[in-house]
Amino acid sequence: MQIKCVIAEDEPLAMERARQYVQKIPFLELVAEFENSMDALFFLKESPVDLLFLDINMGEFSGIQLLESIHIGCEVILITAYHEYALKGFDLNVTDYLLKPYTFERFLQAVTKAQSNLAKKPATADRDYIFVKTEYRLEKIMLHDILFIEGMRDYRRIHTIDKKIMTLKTFADFEKEIAPSQIFRIHKSYMVALQKIDSIEKDLVTVRDYVLPISETYKKSFLEMIRKG
């Protein structure tokens, strides 16, 4: 099981340590890094991941405030230099608590606990269709008809073979409902149906007459999914 993870840490040395430890563990896939919790918050609202490494002390908006601001459906490992935050962290139902400076062995112990928790959760199943709310109705959309999904401010535009549908459903909602082997996130503003891709060149994906960008945030995981077939 590949675990997608994010690091939110404002100390460069601590960020480097966490990154190196993640890279040592084969089943961890680092999809994003953030130096402040606000950027992490906006990312997590739109892009669900499996595991978040979260520093508590991050300037005006702390890691604790981030956890209190939104529901995060992933495992969370708190990282801090202060003992007194441990109780507060566990009140928020975090997976584990790493006290700086932590060893690789302690890091691996926390990750293993997160891995165990994730293994107990049901995986996203392949589906043939989804329902989306558009205007005043729920519309059924067959997944094999979708070309790509485009973000447009508060709306998402679903481009299908024969029509376009506007909905308030978020990218995070789509990622929870649709298996990544079917439709995959390639950019903060785009998800693409893998079977509808005509070509991939550098940082661009071609689907029929559309050319879509691939951002650095999603490029590694996207190409890995392509390699898996």
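Me: Which residues do ring pairs link into a cluster?
Reply: Quick caveat: this is a predicted model, where local features need pLDDT of at least 70, side-chain atom pairs count only at pLDDT 80 or more, and totals for chains, interfaces and linings use all residues. Residues are numbered from 1 along each chain as its sequence is written, and side-chain values use heavy atoms, with hydrogens and water left out. Rings of Phe, Tyr and Trp (its six-membered ring) pair if their centres lie within 6.5 Å; planes under 30 degrees apart are stacked, over 60 edge-to-face, and the rest tilted. On that basis, the cluster is made up of Tyr 21, Phe 53, Tyr 102, Phe 104 and Phe 107.

Me: How many aromatic pairs turn up in the whole structure?
Reply: The search covers the whole structure. Its count of aromatic pairs is eleven.

Me: Why is the pair of Phe 34 and Phe 43 called tilted?
Reply: Phe 34 is buried at 13% relative accessible area and Phe 43 at 11% (buried is under 20%, exposed over 50%, partly exposed in between, with a 1.4 Å probe and protein chains only). Their ring centres are 5.2 Å apart, and the pair is tilted because the planes sit at 50°.

Me: Which residue lies over the face of Tyr 102?
Reply: A charge counts as over a ring if NZ of Lys or CZ of Arg is within 6 Å of the ring centre and within 35 degrees of the ring normal. For Tyr 102, the distance from the ring centre is 5.7 Å, and the residue is Arg 17.
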